[in-house]
Amino acid sequence: MKKRALKILIALLFFILSFTISFQNIGINYFLYIVSYIIVGLEIVWKAIRNILRGKVFDENFLMAIATLGAFAIGELPEAVAVMLFYQIGEFFQSYAVNKSRKSITSLMNIRPDFANVKFHDKLTKVSPEDVKIGDIIVVKPGEKVPLDGKVIEGKSMLDTSSLTGESLPREVQIGHDILSGCINQNGVLTIEVTKEFGESTVSKILDLVENASSKKSKSENFISKFAKYYTPIIVIVAVLLAIVPPLFLGLETFFDWLYRSLSFLVVSCPCALVISIPLSFFGGIGGASKIGILVKGSNYLEALSHTETVIFDKTGTLTEGVFEVQKIETIGISEEDLLRLTAHAESFSNHPISISVKKAYGKEIDQSLITQTEELSGFGISAKIEGKNILVGNEKLMQNKQISYQKCEEIGTILYVAIDEKYVGYLVIADRIKKDAKQTIQFLKANHMNETILLTGDRTAVGKSVANQLGIDTVYTELLPNEKAEKLEEIMKKKSKNGKVAFVGDGINDAPVLAISDIGIAMGGLGADSAIEAADIVIMTDEPSKIADAIKISKKTMRIVKENISFAIFIKILVLCLSALGISTMWEAVFADVGVSVIAIINAMRALHVKKY
């Protein structure tokens with residue numbers, strides 16, 4: 001970039017010197033113009049010659065070379081140099097814009113770990129992350145990047161996950177917690193058992209997504225590529241006819257005048273503004289999205305997202321936290337603390353998620369000496385003897401089976417009824433918690449004229465309807481198996497409009513088929529299943545539903561910028577092409593219509609990088 005800037009400045013100095021000072025010997029002016037042209041134009045002419053030899057004749061290099069060499073031939077040296085000079089300035093702006101957007105994407109490359117400290121016989125060996133195997137023990141010291149996915153087996157620390165997820169607040173991890181590669185360990189020393197090889201780790205997959213994001217072209221980009229392929233030869237033929245037909249066959253003015261108009265026509269016709277700015281707009285949109293933790297696997301998906309008319313959600317882990325917690329405790333003749341303590345002791349030998357949530361809510365160490373007997377009652381619950389009391393913890397069937405009078409709970413969730421010595425003493429409600437930004441996401445979608453929001457879940461009807469009602473979701477389908485989810489999605493997709501798109505948002509293994517079938521699959525990538533992330537087109541690294549609103553905003557803004565650039569470039573080009581053909585405009589207007597429009601379009605495309613969160 002520095003070399004290119006220096007080259008442009010030197011050429012510009014020679015050009016200004018020759019343009020503003022009239023030397024007594026006109027040859028000095030010509031010499032300065034030629035030097036200036038060689039500095040900025042030789043590279044373009046050489047590219048044109050090289051492409052012609054390779055069979056690629058009609059491109060922007062060919063147009064620029066033939067137009068400027070023709071201008072030299074008719075003695076318009078200042079205009080020939082100006083065309084090349086401003087073209088190089090336009091290219092410089094393009095490179096600057098691409099570098100800026102690439103930096104926003106490749107800032108993710110900073111998450112690539114350089115080494116891993118493998119622990120073997122109490123000794124640490126620094127090795128490449130690619131050489132670490134599943135089951136190896138690694139140690140991550142404060143300030144180091146976590147090199148591979150794993151499970152914490154020793155230590156406690158805070159993790160900086162900002163480069164991975166965009167989340168500003170550090171996360172706390174301790175023994176038993178899963179840990180993702182790419183995070184930065186902030187304070188304590190962590191000992192980790194590796195659960196995935198480097199090629200399958202989170203950081204490796206994210207880098208792969210980003211590096212290949214621009215490889216899938218959108219329809220707009222394909223249109224521009226095809227357009228340029230046919231457009232350039234047509235323009236060259238028209239320019240040749242414009243130079244020959246009017247003076248030779250119609251007797252209009254001189255050959256020199258029509259050659260000049262023809263060359264101006266060639267300069268104007270160069271499709272640089274379209275060819276450069278449209279891919280750059282999509283690249284900027286992908287870069288802007290990645291800065292806030294949204295990974296778009298290709299610009300075609302960014303374009304498709306702007307046409308979304310129906311959004312379908314999975315429930316657990318997508319709109320809810322996916323973590324069961326004790327939400328409510330109701331007691332009769334006993335304190336809440338005692339009820340929770342007895343229930344936690346009764347559930348202490350079970351690894352069921354419900355039992356784990358009860359023990360987590362209790363938050364204290366279980367005194368095993370208080371428990372003299374436990375028995376799992378299949379399909380009912382648990383019976384235990386604690387502190388000499390007979391404790392029953394289970395569902396309604398357990399209370400009915402033991403003929404215990406109880407108060408039926410109407411709350412949504414898993415209800416644990418508790419009895420002491422066959423006397424009912426209360427219940428605990430264990431339920432999944434709705435994500436704090438889920439409701440505002442649904443409100444955004446409705447405010448932006450989304451046709452329908454739908455919930456597809458394998459959960460019970462009562463739970464599904466409760467979540468849908470709380471969030472304001474239009475339609476809900478419950479108790480669906482994975483294949484039934486896919487069938488329901490296909491049913492919904494048949495009803496969409498011709499240009500409309502259906503997006504599905506999920507996170508589980510059972511969501512992978514649905515994510516793959518939908519027009520746009522959006523996966524919750526922070527804690528989502530690998531298969532879901534693999535099948536998705538867009539990955540939300542922060543697990544926040546509100547990022548869906550951000551992604552839609554980015555896609556619509558990117559498409560708006562693309563349309564602005566196409567409309568502006570075509571309008572100016574048609575206008576100046578007509579003026580060139582009529583001989584009203586000069587090469588200077590032609591320079592603006594090509595390079596000036598390109599620069600304006602590039603600057604406009606850079607707006608896609610600036611993203612405001614919803």
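**Aromatic pairs, nonpolar cores and selected residues**

Both Y417 and Y424 are buried (under 20% relative accessible area, with exposed meaning over 50% and partly exposed in between; 1.4 Å probe, protein chains only). The model is predicted: local features need pLDDT of at least 70 and side-chain atom pairs count only at pLDDT 80 or more, whereas totals for chains, interfaces and linings use all residues. Residues are numbered from 1 along each chain as its sequence is written, and side-chain values use heavy atoms, with hydrogens and water left out.

The protein chain contains 20 helices and 22 strands (DSSP runs numbered from the N terminus; helices are H or I with at least four residues, strands are E with at least two). Of its 614 residues, 51% are buried. Among contacts in the chain with a separation of 6 or more, 65% join residues 24 or more positions apart (contact means heavy atoms within 4.5 Å). The accessible surface amounts to about 28900 Å², and carbon and sulfur atoms supply 57% of this area (Shrake-Rupley method, 1.4 Å probe; for residues, only the protein chains shown count as cover).

The structure has 6 aromatic pairs (rings of Phe, Tyr and Trp, the last by its six-membered ring, with centres within 6.5 Å; planes under 30 degrees apart are stacked, over 60 edge-to-face, and the rest tilted). In one of them, Y37 and F72 are edge-to-face because their ring centres are 4.9 Å apart and their planes stand at 80°. This pair connects distant parts of the chain, with Y37 in helix α2 (residues 26-53) and F72 in helix α3 (residues 60-73), 35 residues apart. Y37 is buried at a relative accessible area of 7%, while F72 is partly exposed at 21%. The pair of Y417 and Y424 is tilted, with 6.4 Å between centres and 45° between planes. These two tyrosines belong to one aromatic cluster together with Y406 and Y427.

Charged side chains also lie over rings (NZ of Lys or CZ of Arg within 6 Å of the ring centre and within 35 degrees of the ring normal). The charged end of K126 is placed over the ring of F115, 4.4 Å from its centre. R261 lies over the face of W258, with 4.1 Å to the ring centre.

The largest nonpolar core has 39 residues, of which I294, V296, F313, I522 and I538 touch the most other members (a core is a set of buried Ala, Val, Leu, Ile, Met, Phe, Trp, Tyr and Cys residues joined through side-chain atoms within 4.5 Å). Helix α19 (residues 546-582) contributes the most to this core, with 8 residues. A second, separate core of 22 residues includes L339, I386, L416 and I420. Beyond residues up to four places away in sequence, the residues touched by I538 include I294, V296, L305, I520 and I522.

T308 lies in strand β11 (residues 308-313) and is buried, with a relative accessible area of 10%. The T308 side chain reaches the backbone oxygen of L305 at 2.8 Å. Apart from neighbours within four places in sequence, T308 contacts M450, K501, A503 and I520.

F592, in helix α20 (residues 587-605), is partly exposed, with a relative accessible area of 40%. Residues up to four places away in sequence aside, F592 touches I572, V597 and I600. F592 and V576 are 16 residues apart in sequence, and their C-alpha atoms are 9.3 Å apart in space.

How values were computed: A polar contact is a pair of N or O atoms within 3.5 Å; within protein, one must be able to donate a hydrogen and the other to accept it, and residues adjacent in sequence count only if both atoms are side-chain atoms.
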